[in-house]
Amino acid sequence: MLAINDFLIFIDGYLGSSPWFPYYLLGIGLFFTIYLKFPQIRFFKHAWSVLFDPEEKSKAGGETSHFQAMSMALSGTIGTGNMGGVALAIYLGGPAAIFWMLMTAAMGMTTKFVEVSLSHKYRITTDDGTVAGGPMYVMDRGLGWKPLAIVFAAAVVLSSFGSGSMPQVNNIAQVMNSTFGIEMWISGLVLSALLAFVIIGGITRIASFASRVVPSMAVLYLIGSFCVIITNYDQVIPSFVSIFADAFTGTAAVGGFIGGVFAQAFSIGVARGLFSNEAGQGSSAIAHASAITEEPVSEGMVSLLEPFIDTIMICTLTGLVILSSGAWTEKYENTFQAADFSIIAGEYSEDNAAQKTELFEHLNGLPGSTVEKLTGEIEVIGGKMVSGGATIINARSFAEDVVFSKENDSGELIPITGKLAVSNGNLEDGSVVVNGKSLVHSATLTSMAFTKSFLGENGKYIVAISLTLFAFSTAVAWSYYGDRAITYLLGAKAVMPYRCVYVIGFFVAAISDTAIIWTIALITVALMTIPNVICMFMMRKEVKEMVEDYSAKINK
């Protein structure tokens, strides 16, 4: 399984994780922003009036209102990326990564406007009477490129499991276990039953669920965020300054080695921006195709608000919570994960500026670094490393109070005494558990940041509940995306079998390792984005005509 995952990571290195991908994604947004004369600015006010237009229901066929369609799309985009994803971006790229997330969102408003307008125009009514739309229908009916449409639809189905379902429930189960002590299989069972109830009811029940849950979960998260920001109000302006100032200066090596160079901040910011708002990926366009309106561009208007709400508002709030609280520079007791852990050859000190710079260069892959990972042995007595000539690094920081342990027959952790073999910085014995203090990242960092307010430790419960709602709503929305993609590939008869497999996979993932699923998701996201961007560019003239006609109508 590890070999397969390594191979998939290698493939992803040429796709979504490659250096050209952020430019590819930002490029299409910038192109259409200029080509369509900044629609995200020109139509911003008008988009809000369309969103709450009460008369659209009487004008055309469809299955959801503008608000329901956007709520469903937002339920797919507002998820773990808004919490753990922002924290990961800061961890890898420093505050500058938030700036590039915002730039991705600004360009993404136009990208989403284009893909949604096209998808709504080329939607169809299926054999079972439901509406189906999305980039696969644009590629097929608009461009006549059916093979490309099949690739896109297949990628949607795989991605519905990879990024939409399985990792989401795994995150929920872990958070509920660590916060409330609920067994992971119980969380999986209960949530799978709820998921089945919602999605088997089809688009009507999914849209109804989303339109109620999305506003509620957003309000809860906003309240928790403002509690932290108000408590740390004196750090808000410095946090904003760091976001914008570091975007062009390059480094943010504060509190250990957190942050990175300009290229790293740029690439991780753009990548997390896409993961957060999905602009260019084409997934949200599937939800918007169900909206009740005769005018495709009007639904495009609604959709340009999504990156604004999802990334510019919610992700910025998360970033301010993490930066203003100072949690991103503090060390916390945690269990070290193999991916974050490394033993470096040589003794380095956090108080030595030159040595700290050397390790910073090593962790960011800068040329000329002389730091090497240890290959050899370390000696441990009572769980503590006593041998010299080695330094323990975890989560891009000097680890402190490190204890090496193993479980006994009763499952109790017992500190080790003896020698441990190390190969290329990693422990050869995978059964050794390492605990200590270090920086943290992802959802754990966000959770720690939420405790830095007058709510104290209660703040982490807001994160746990919000993460559960965010992740579950994402799974609900992606079930619909996969549902419409499988309809395109195999017809309406395949929808119910797909839904059943989706629910079963949801339960299994609650108690399983989803690392390989995440890797598959990275690849499928690229396989959705690449053809979708090509399709939008090829239909640029048609899009411009649609927008000009619509603009003339509303300006009469």
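pLDDT is the predictor's confidence in each residue, from 0 to 100. Helices (H or I, at least four residues) and strands (E, at least two) are DSSP runs, numbered from the N terminus. This is a predicted model, in which local features need pLDDT of at least 70 and side-chain atom pairs count only at pLDDT 80 or more, while totals for chains, interfaces and linings use all residues. Residues are numbered from 1 along each chain as its sequence is written, and side-chain values use heavy atoms, with hydrogens and water left out.

**View 1. Confidence along the chain.** The mean pLDDT of the chain is 86. Of its residues, 93% reach 70 or more. Confidence is lowest in helix H1 (residues 2-12), at a mean of 67. Helix H8 (residues 135-142) has the highest, at 95. Over residues 251-256 the pLDDT is below 50. Beyond near neighbours in sequence, this stretch has 19 contacts in the model; contact means heavy atoms within 4.5 Å. Where pLDDT is low, the predicted coordinates should not be read in detail.

**View 2. The nonpolar cores.** A nonpolar core is a set of buried Ala, Val, Leu, Ile, Met, Phe, Trp, Tyr and Cys residues joined through side-chain atoms within 4.5 Å. Buried means under 20% relative accessible area, exposed over 50%, and partly exposed in between (1.4 Å probe, protein chains only). The largest core has 134 residues. Those with the most contacts inside it are Leu118, Met136, Leu195 and Tyr481. Helix H20 (residues 459-490) gives the largest share of this core, 16 residues. A second, separate core of 17 residues includes Ile343, Ala390, Ala399 and Leu420. In soluble globular proteins, nonpolar side chains tend to be buried together.

**View 3. Around Met136.** Neighbours within four places in sequence are left aside here.

**View 4. Met539 between two helices.** Met539 sits in the loop between helix H22 (515-538) and helix H23 (540-554). Met539 is buried, with a relative accessible area of 4%. Leaving aside neighbours within four places in sequence, Met539 contacts Leu118, Tyr122, Val138, Gly142 and Leu143.

**View 5. Glu299, buried without a salt bridge.** Glu299 belongs to helix H16 (residues 296-303). A salt bridge is a side-chain nitrogen of Lys or Arg within 4 Å of a carboxyl oxygen of Asp or Glu. Glu299 is buried yet has none. The nearest side chain of opposite charge, Arg123, is 7.7 Å away; Lys and Arg count as positive and Asp and Glu as negative, while His and the chain ends are not counted. Apart from neighbours within four places in sequence, Glu299 is in contact with His66, Ala69, Val116, His120, His288, Ala291 and Thr293.

**View 6. Helix H17 and its end.** H17 (residues 305-325) has 21 residues. From first C-alpha to last, H17 reaches 29 Å, close to the 30 Å expected at 1.5 Å a residue. The expected span is 1.5 Å times one less than the number of residues. H17 is mostly covered, with 18 of its 21 residues buried. Gly326 follows, with a positive phi near 80 degrees.

**View 7. Two non-glycine residues with positive phi.** Lys37 has a phi of about 65 degrees. Lys37 lies in the loop between helix H2 (20-35) and helix H3 (39-42). Lys37 is exposed, at 54% relative accessible area. Ala395 has a phi of about 50 degrees. Ala395 is in the loop between strand S7 (390-394) and strand S8 (397-398). Ala395 is buried, at 1% relative accessible area.

**View 8. Salt bridges.** The whole structure holds eleven salt bridges. Lys553 and Glu295 pair at 3.2 Å, N to O. Lys553 lies in helix H23 and Glu295 in the loop between helix H15 (283-288) and H16, so the pair ties together parts 258 residues apart in sequence. Arg499 and Asp483 pair at 2.8 Å, N to O. Arg499 is in helix H21 (residues 495-510) and Asp483 in helix H20, 16 residues apart in sequence. Both Arg499 and Asp483 are buried. Lys331, Glu350 and Glu400 are linked in a network of salt bridges.
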